[in-house]
Amino acid sequence: MSIDISAEQVFPISEAPQHIPGRPSVATVWRWILTGTRAGKLDSVLIGGRRFTSIEAVQRFADRGTAVGTGQPAPARTPRARAKAIAKAERDLVEAGI
């Protein structure tokens, strides 16, 4: 899932520890974005050469991590998130000429 900057509270990665419980290091947040965990990657967006994440992305990441850690299936995407993913896939196919 990607971040909807018009609907989510975004902030630069350098400020992420202030918004995440336990205040992980900035290096940890970067690792979550680039390589992820068993729960997947922390969503981020690149704007003008700077990387941002959001409160909502952190919540989704925490929900997936909690589900994986307790042996439950990862939470399902919302209908809006599913529709956005479908629209993006369709755009990608059109751009690829498929």
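Q: In this predicted model, what makes two strands count as paired?
A: Two strands pair if DSSP finds at least two bridges between them. Strand E1 (residues 10-12) and strand E3 (residues 50-54) are joined by 3 bridges, so E1 and E3 meet that cut-off and count as a pair, and they run antiparallel.

Q: Which residues of E3 stand opposite Phe11 and Pro12?
A: The bridge partner of Phe11 in E3 is Thr53, while Pro12 stands opposite Phe52.

Q: How do you know that E2 and E3 are paired?
A: Strand E2 (residues 45-47) is linked to E3 by 3 bridges, and because at least two are needed, E2 and E3 also count as a pair; the two strands run antiparallel, with Leu46 standing opposite Arg51 in E3.

Q: What lies between the strands in the hairpin of E2 and E3?
A: There are 2 residues between the strands of this hairpin, in which Gly48 takes a positive phi near 55 degrees.

Q: Why is one side of E1 and of E2 left without a neighbour in the sheet?
A: The open sheet has 3 strands in the order E1-E3-E2, with antiparallel pairing. E1 and E2 stand at its edges and each has a single partner strand, so one side of each has no neighbour in the sheet. From one strand to the next, the twist averages 45 degrees.

Q: What makes helix H3 count as touching the sheet, and which strands does H3 touch?
A: Contact means heavy atoms within 4.5 Å, and helix H3 (residues 55-69) packs on the sheet by touching E1 and E3. The direction of H3 makes about 65 degrees with that of E3.

Conventions. Residues numbered from 1 in each chain as written. Predicted model: local features only at pLDDT ≥ 70, side-chain atom pairs only at ≥ 80, totals over all residues. Heavy atoms only, no water. Helix = DSSP H or I, 4+ residues; strand = E, 2+ residues; numbered from the N terminus. Axes fitted to C-alpha atoms, helices over the stretch in contact; angles between N-to-C directions.
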